[in-house]
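Here is a briefing on one protein model. Keep the sequence and the structure side by side while reading.

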Amino acid sequence: MSYNSSVYNDEYYKSHCGDNYARGNGWEEVFARLAARIVKELNPETVLDVGCAYGYLVEGLRDLGVKAFGIDVSDYAISNAREDIRPFCNVRSATERIAERYDLITCIEVMEHLSPDDLDAAITNMCNASDLIIFSSTPFDYNEESHYSVNPPSF
C-alpha cells in the first residue's frame with residue numbers, strides 16, 4: 001500500500017471532510033438520498049462501495065433492500081459503521097483484487113487518496129468487477145495532504 005491507512009482516523013474524519021463526518025451531522029441523510037436515487041434510476045441488486053468510510057451509502061442502500069457492501073482502507077472508519085451494517089463493510093484496499101461481481105460499484109472521492117502508481121490497479125479492479133461504476137473525484141483540491149493523485153477532469 002503506497003499510502004498510510006492510519007491517516008484515516010478520528011482526527012481525519014473530524015477535520016478533512018468538510019463538516020464533522022459523524023453520525024448525526026446530516027451525512028446519513030445525504031447518502032440516503034443518493035441511495036434512493038441509485039435505486040430509482042439504476043435498480044441494482046448488488047452494489048460495492050469502494051472507499052465506504054463509515055458505510056453511510058451501504059446503509060442507505062441496504063435500508064432500501066439492496067445487497068450492498070463496502071470496503072475501506074481504514075479500520076477506524078469501518079468500526080464507525082452502523083452496527084447492523086458493519087458485517088457488510090470490510091477493511092480492504094481498492095488496490096486489492098475484487099473477487100465478486102456487482103451490478104454497480106460506487107467510488108466517491110477515493111481515488112485522489114491513492115498514489116499515481118496505484119490508480120491503474122484500483123481502476124482495473126473496479127472495471128473487472130462491474131460493468132457499471134459511479135465515480136467521482138475532486139479535480140482541484142491539491143492542498144489536502146492526503147490527496148496524492150488529484151487530476152483535472154480531462155484526465
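R101 counts as partly exposed, at 46% relative accessibility. This is a predicted model. R101 forms a salt bridge with D131, with 3.4 Å between the closest N and O atoms. R101 lies in the loop between strand 3 and strand 4, and D131 lies in the loop between helix 5 (116-129) and strand 5 (133-136), so the pair ties together parts that are 30 residues apart in sequence. D131 is exposed, with a relative accessible area of 74%.

**Other salt bridges**

- The count of salt bridges comes to five.
- Side chains of opposite charge can pair when their charged atoms come close.
- R82 forms a salt bridge with D84, and their closest N and O atoms are 2.6 Å apart.
- R82 is partly exposed, with a relative accessible area of 24%.
- D84 is partly exposed as well, because its relative accessible area of 45% falls between the 20% and 50% cut-offs.
- Salt bridges that share partners join E59, D63, R82 and D84 into one network.
- R37 forms a salt bridge with E41, the closest N and O atoms being 2.8 Å apart.
- Both R37 and E41 lie in helix 2 (residues 27-42), four residues apart, about one turn of the helix.
- An α-helix has 3.6 residues a turn, so residues three or four places apart point the same way.
- R37 counts as exposed, because its relative accessibility is 54% and the cut-off is over 50%.

**Helix 3**

- Helix 3 (residues 56-63) is mostly covered, with six of its eight residues buried.
- The buried residues in helix 3 are Y56, L57, V58, E59, G60 and L61.
- What covers the buried residues of helix 3? The cover includes helix 2, strand 1 (46-50), strand 2 (67-72), strand 3 and strand 4.
- Just after helix 3, G65 takes a positive phi of about 90 degrees.

**I108 in strand 4**

- I108 has its place in strand 4.
- I108 is partly exposed, with a relative accessible area of 25%.
- Which residues is I108 in contact with, leaving aside its neighbours within four places in sequence? They are L34, V50, L57 and S136.
- The C-alpha atoms of I108 and F135 are separated by 5.6 Å, although the two residues are 27 residues apart along the chain.

- S93 is found in the loop between strand 3 (89-91) and strand 4 (104-108).
- Is S93 buried or exposed? S93 counts as buried, because its relative accessibility is 3% and the cut-off is under 20%.
- The side chain of S93 makes a polar contact with the side chain of T95, at 2.7 Å.

**Whole protein**

- The protein has five helices and five strands.
- Along the sequence, they follow the pattern α-α-β-α-β-α-β-β-α-β.
- Of the 155 residues, 42% count as buried.
- Among contacts with a separation of 6 or more, 61% are between residues 24 or more positions apart.
- The accessible surface comes to about 8300 Å², and 50% of that surface belongs to carbon and sulfur atoms.

Technical notes:
Residues are numbered from 1 along each chain as its sequence is written. This is a predicted model: local features need pLDDT of at least 70, side-chain atom pairs count only at pLDDT 80 or more; totals for chains, interfaces and linings use all residues. Side-chain values use heavy atoms; hydrogens and water are left out. Helices (H or I, at least four residues) and strands (E, at least two) are DSSP runs, numbered from the N terminus. Buried means under 20% relative accessible area, exposed over 50%, partly exposed in between (1.4 Å probe, protein chains only). A polar contact is a pair of N or O atoms within 3.5 Å; within protein, one must be able to donate a hydrogen and the other to accept it, and residues adjacent in sequence count only if both atoms are side-chain atoms. A salt bridge is a side-chain nitrogen of Lys or Arg within 4 Å of a carboxyl oxygen of Asp or Glu. Contact means heavy atoms within 4.5 Å. Accessible areas come from the Shrake-Rupley method with a 1.4 Å probe; for residues, only the protein chains shown count as cover.
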